[in-house]
Amino acid sequence: MRIEIWSDVVCPWCYIGKRRLETALDGFEHADEVEVVYRSFELDPSAPHHGHERTLTTLAKKYGRGEDEMRSMMQNVVDTAAAEGLAFRLFDNVHTNTIDAHRLLHLALEAGGPAVQRELKEALLAAYFLRAEDVGDHDVLRAAAALAGLDPDRVNEVLAGTEYADSVEADIRQAREYGATGVPFFVVDQKYGVSGAQPAEVFTRVLDQAWAASRPQLEVMGVGDACGPDGCPI
């Protein structure tokens with residue numbers, strides 16, 4: 001079974017959704033046969049590559065709200081994250097561009113497969129949400145890539161150019177084709193879509209349904225005499 005997850009590394013619900021899916025997988029008896037792959041989605045491609053403005057301020061301007069009101073709204077997300085064991089620092093985050101982070105995620109997938117990509121994804125999310133680091137900063141990206149075990153020379157090579165930018169765009173186009181207008185967006189075996197950071201119970205039901213559908217059970221209509229390992233009835 002393959003689960004593809006469209007998300008951004010500056011999306012709080014993507015981190016919450018990741019944890020909830022992981023909770024569901026922890027209780028799924030076939031988890032060792034599930035492959036999880038992350039796909040790119042940019043919430044704001046126009047964001048500065050070296051952000052200095054706090055996300056709180058950016059969102060308040062975008063939605064025409066006061067910063068106190070926006071802080072109250074964001075606190076609800078902080079509280080939800082805490083219930084999943086995540087100590088978000090949303091009020092310290094900066095509004096930043098994520099294209100380079102996504103390009104490194106594609107490098108990780110190509111160089112080390114889904115397991116290494118997941119390590120990098122977790123490192124990037126933790127850097128941004130738990131330590132309030134700027135994931136548009138190349139030094140922050142290099143540190144996250146080192147935690148995932150990526151070759152530093154390849155990381156520098158990718159960051160110095162535009163490699164994997166086409167792959168990022170292809171992911172975004174695929175999300176649009178699926179009808180995804182926001183993230184996180186989960187696709188299981190290219191048949192089942194889950195939009196948003198649903199409760200773990202929802203992911204559990206989807207996993208069970210997808211697993212059953214991929215391995216249909218034969219309905220036996222009748223049982224008669226037959227030969228087996230112990231011989232044939234006479």
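**A chat about sheet, helices and salt bridges**

Modeller: The model contains an open sheet of four strands in the order β2-β1-β3-β4, and the pairing is mixed. Please keep in mind that this is a predicted model.

Biologist: Understood. Which strands are the edge strands?

Modeller: The edges are β2 and β4 (192–195), each of which pairs on one side only. From one strand to the next, the twist averages 20°.

Biologist: What packs on the sheet?

Modeller: Helix α1 does, touching β1, β2 and β3. The direction of α1 makes about 165° with that of β1.

Biologist: In which sense do β3 and β4 pair, parallel or antiparallel?

Modeller: Strand β3 (residues 185–188) pairs with β4 in the antiparallel sense, over four bridges. Regarding individual positions, phenylalanine 186 has valine 194 of β4 as its bridge partner, and valine 188 stands opposite tyrosine 192 in β4.

Biologist: And how many residues lie between the strands of that hairpin?

Modeller: There are three residues between β3 and β4 in the hairpin. Aspartate 189 takes a positive phi there, near 55°.

Biologist: Staying with α2, which of its residues are buried?

Modeller: In helix α2 (residues 55–63), the buried residues are Thr55, Leu56, Thr57, Thr58 and Ala60. Their cover includes α3 (67–83) and α4 (99–130).

Biologist: Changing topic to charges: how many salt bridges does the whole structure hold?

Modeller: The search of the whole structure finds 16 salt bridges. One of the pairs is arginine 39 with glutamate 4, whose closest N and O atoms are 3.0 Å apart. That pair links distant parts of the chain, since arginine 39 belongs to strand β2 (residues 35–40) and glutamate 4 to strand β1 (residues 2–7), 35 residues apart.

Biologist: Are those two side chains buried or exposed?

Modeller: Arginine 39 is buried, at a relative accessible area of 16%. Glutamate 4 is buried as well, with a value of 7%. Both count as buried because the limit is under 20% relative accessible area.

Biologist: Which salt bridge do lysine 18 and glutamate 22 make, and how far apart are N and O?

Modeller: The side chains of lysine 18 and glutamate 22 meet in a salt bridge of 2.6 Å, N to O. The two residues are four apart in helix α1 (residues 12–26), so about one helical turn separates them.

Biologist: How does burial look for that pair, buried or partly exposed?

Modeller: Lysine 18 is buried, with a relative accessible area of 5%, whereas glutamate 22 is partly exposed at 27%. Lys18 and Glu22 also belong to a network of salt bridges that includes Arg19 and Glu122.

Biologist: What about arginine 131 and glutamate 133?

Modeller: Arginine 131 forms a salt bridge with glutamate 133, with 3.1 Å between the closest N and O atoms. Arginine 131 is partly exposed at 40% relative accessibility, and glutamate 133 is partly exposed at 27%.

Biologist: Now cysteines. How many disulfides are there?

Modeller: The structure has zero disulfides. Cysteine 11 is buried, its relative accessible area being 3%, and cysteine 14 is buried at 5%.

Biologist: Where is histidine 106, and what is it in contact with?

Modeller: Histidine 106 lies in helix α4 and is buried, with a relative accessible area of 10%. Setting aside neighbours within four places in sequence, histidine 106 is in contact with Ser40, Tyr164, Ser167, Val168 and Asp171.

Biologist: Finally, the whole chain. How many helices and strands, and in what pattern?

Modeller: The protein chain has eight helices and four strands. Along the sequence they follow the pattern β-α-β-α-α-α-α-α-α-β-β-α.

Biologist: And what are the overall figures for its box, burial, contacts and surface?

Modeller: The C-alpha atoms fill a box of roughly 85 × 45 × 30 Å along the principal axes. Of the 234 residues, 47% count as buried. Among contacts between residues at least 6 apart in sequence, 75% join residues at least 24 apart. The accessible surface comes to about 12,300 Å², and 50% of that belongs to carbon and sulfur atoms.

Definitions and conventions
Residues numbered from 1 in each chain as written. Predicted model: local features only at pLDDT ≥ 70, side-chain atom pairs only at ≥ 80, totals over all residues. Heavy atoms only, no water. Disulfide = S-S within 2.5 Å. Buried < 20%, exposed > 50% of the residue type's maximum accessible area, 1.4 Å probe, protein only. Salt bridge = Lys/Arg side-chain N within 4 Å of Asp/Glu carboxyl O. Contact = heavy atoms within 4.5 Å. Pairing = 2+ DSSP bridges. Axes fitted to C-alpha atoms, helices over the stretch in contact; angles between N-to-C directions. Areas by Shrake-Rupley, 256 points an atom, 1.4 Å probe, with all protein chains shown as cover.
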